[in-house]
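Here's a quick walk through one model, helix by helix. Have a look at it first, then read on.

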Amino acid sequence: MIGFYNYTVILTYMGAVAGAAGLAFAASGKTFPALLCLLFAGICDMFDGAVARTKKRTEAEKKFGIWIDSLTDMVCFAVLPTMIGWSYGMKEWYYIPIFAAFILGAIIRLGYYGVTEEERQTVETGKRAAYDGMPVTTSAAIFPVVWVILTCLGLKAEICIYVYAAVLALSAFAFVGKFKIKKPGKTGITVIAVLGAVLAAAMVLIKVL
């Protein structure tokens with residue numbers, strides 16, 4: 001078979017599978033499990049780079065890792081949030097421009113990142129110090145948090161849909177914004193992972209109660 005199948009790509013592949021599952025749930029109108037899949041994909045993405053760096057890789061393996069990471073990000077953190085929006089109630093024609101802007105912003109950002117990351121790795125080692133604009137992967141936290149807040153507030157369904165749409169639109173611009181966000185270190189990643197687990201537990205509790 002073509003491709004690479006060592007342990008350095010396992011988390012990326014797991015994230016892709018989670019994204020595919022989330023799309024299936026969202027297409028069936030099951031917003032909650034789709035959000036959990038989104039959150040899980042984000043946790044996988046958070047650690048895949050660290051795992052990859054534990055192995056001495058060939059240039060082909062490094063470039064493959066960049067490409068599959070971006071392709072997985074596209075499925076999980078660009079397409080899936082829009083499908084969750086659809087399952088949430090954004091089914092009128094006038095939401096299409098928001099979906100398009102969100103996905104286009106993610107495409108531009110991921111394409112730009114792929115080019116600049118390949119260039120950077122030819123002259124530098126290690127990971128980047130900062131992100132340019134808001135990472136697409138922040139979708140994994142933003143939309144579950146939005147769901148938790150809206151559910152706890154008990155707002156009307158129409159208002160919830162408008163809020164979700166507004167967050168999609170703002171995120172689209174943030175993806176291509178010209179500002180920098182410091183990349184978290186090992187401690188920061190651990191804290192974010194713990195918060196992600198807490199968020200998942202809170203979502204389950206809210207759903208059950």
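## A kink in helix 3

Helix 3 bends by about 35° at leucine 80, shortly before proline 81; the bend is the angle between axes fitted to the seven residues ending there and the seven starting there. Helices here are DSSP runs (H or I, at least four residues) and strands are E runs of at least two, numbered from the N terminus.

Helix 3 covers residues 59–88, and its 30 residues reach 42 Å from first C-alpha to last, close to the 44 Å expected at 1.5 Å a residue (1.5 Å times one less than the number of residues). Next comes glycine 89, with a positive phi near 135°.

## Where the model comes from

This is a predicted model: local features need pLDDT of at least 70, side-chain atom pairs count only at pLDDT 80 or more, and totals for chains, interfaces and linings use all residues. Residues are numbered from 1 along each chain as its sequence is written, and side-chain values use heavy atoms, leaving out hydrogens and water.

## One salt bridge

How many salt bridges are there by this rule? The count is one, taking a side-chain nitrogen of Lys or Arg within 4 Å of a carboxyl oxygen of Asp or Glu. Aspartate 132 pairs with lysine 180, their closest N and O atoms 2.5 Å apart. The partners sit 48 residues apart, aspartate 132 in strand 1 and lysine 180 in strand 2.
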